[in-house]
Amino acid sequence: MRITSNMMSRDLLLNLNSAQENMANMQNMMSSGHRINKPSDDPAGTHNVLGLKTNMAMITQLKSNADEAASFMGTTDSTLSDVQSMLNRAYELTLQGENGTNDDQSRTDIAAEIDQINQQIQTLANTKVGDKYIFNGTSTTDAPVVSSTASFATYSPIQLDVGNNNSKVTISVDGSSIFPASMTLLKNISNALTSGADLSPYVDQIQTNIDSISTSRASLGASVNRVQAISSQMDTMNINLTSSLSTVQDTDVAKTILDFQSQQNTFQAALSIGTKIIQPSLVDFMK
């Protein structure tokens, strides 16, 4: 087969164009920091990248949900602690009111403080996180107490989806099991104080309400611990996925620089050889 100048020129141009394209790709890899910038760079790798990014988006959402749940439960627990403090004060006042040495004015003053405690507990029942009432289950837009009257919806717990076989964690407390009873009890104590009735039956009832709140807080604490564990797990998974994504997608800078220099040397060598085997007119054109 006869090798003509045109054939050598064509092959040289093809090889030079291929080398330039490779160098351009490597420059793009170094400037972007990614070895995969379009699907054709690595179809299998692109598929892996898309899968990893989908998983990372899911983990990010679950982490956000867990953080929001932690804030929700933190507010719930601190509010229940305040309610317990109010009831403890009511317990002390009730014991004080039982003292037979109290005159009518003293009992009236104690009843007034009991009424203030009742009002504060009603305010706490309507506590919000953002624009959501926290003690009315999933009915987060409905106030549990309206005009000093308990208006709790039928309780449906708020649950956090932890993304594991539809597993969920309950993050709310049934306010209807706490506040209406306390409101009624405090009202009865106030009435008994002003009427001069016996207060002894109410002492144990207050303690029962306080114990009930402690039980609710213990259950909430277990949920808090689980959500914190989930949040920590999400952080670890995100770190691992980020590392995997970097392995698949990111440029090995040191290797790419060496490859670029090697390709550049090959390109320069091809140009040098071309000046010796191609007619000067073609070489001049290429320059």
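Modeller: Let's begin with Asp 77 and Arg 217, which form a salt bridge whose closest N and O atoms are 2.9 Å apart. The term salt bridge is used here for a side-chain nitrogen of Lys or Arg within 4 Å of a carboxyl oxygen of Asp or Glu. This pair links distant parts of the chain, as Asp 77 sits in helix 2 and Arg 217 in helix 5, 140 residues apart. Helices and strands are DSSP runs numbered from the N terminus: helices are H or I with at least four residues, and strands are E with at least two.

Two points on reading what follows. This is a predicted model, in which local features need pLDDT of at least 70 and side-chain atom pairs count only at pLDDT 80 or more, while totals for chains, interfaces and linings use all residues. Residues are numbered from 1 along each chain as its sequence is written, and side-chain values use heavy atoms, with hydrogens and water left out.

Back to our pair. Asp 77 has 26% relative accessibility and counts as partly exposed, and Arg 217, at 24%, also counts as partly exposed. The scale is relative accessible area: buried is under 20%, exposed is over 50%, and partly exposed lies in between (1.4 Å probe, protein chains only).

Helix 2 takes part in another such link. Glu 113 and Arg 89 meet through their side chains in a salt bridge of 2.8 Å, N to O. Because Glu 113 lies in helix 3 and Arg 89 in helix 2, this pair ties together parts that are 24 residues apart in sequence. Both partners are partly exposed, Glu 113 at 30% and Arg 89 at 32%. Elsewhere, salt bridges with shared partners join Lys 63, Asp 67 and Asp 235 into one network. Lys 63 and Asp 67 both belong to helix 2 and are four residues apart, about one turn of the helix. Lys 63 is partly exposed at 21%, and Asp 67 is partly exposed at 39%. In the whole structure, the search finds six salt bridges.

From these charged pairs, let's move to the nonpolar side chains. The largest nonpolar core has 52 residues, and Leu 87, Ile 114, Ile 171, Phe 179, Ile 189 and Val 227 touch the most other members. A nonpolar core means a set of buried Ala, Val, Leu, Ile, Met, Phe, Trp, Tyr and Cys residues joined through side-chain atoms within 4.5 Å. Two or more residues of this core come from each of helix 2 (43–98), helix 3 (104–125), helix 4 (179–195) and helix 5 (200–249). Helix 2 gives the most, with 14 residues.

Not counting residues up to four places away in sequence, Ile 189 touches Thr 94, Ile 114, Leu 199, Tyr 202 and Ile 206. Contact means heavy atoms within 4.5 Å.

Ile 189 also belongs to the meeting of two helices. Ala 181, Ser 182, Leu 185, Asn 188, Ile 189 and Ala 192 of helix 4 meet Tyr 202, Gln 205, Ile 206 and Asn 209 of helix 5. Helix 4 and helix 5 pack with their axes 11 Å apart, at an angle of about 160 degrees. That angle makes helix 4 roughly antiparallel to helix 5.

To finish, here is a stop in the loops. Ser 147 is in the loop between strand 3 (145–146) and strand 4 (149–150). Ser 147 is not a glycine, yet its phi is positive, about 50 degrees. At 69% relative accessibility, Ser 147 counts as exposed. Ser 148 lies in the loop between strand 3 and strand 4, and its phi, near 65 degrees, is a positive value in a residue other than glycine. Ser 148 counts as partly exposed, at 42%.

Definitions and conventions:
Axes are lines fitted to C-alpha atoms, for helices over the stretch in contact, and angles run from 0 to 180 degrees between N-to-C directions. Angles under 35 degrees count as roughly parallel, over 145 as roughly antiparallel, 65 to 115 as roughly perpendicular and the rest as oblique.
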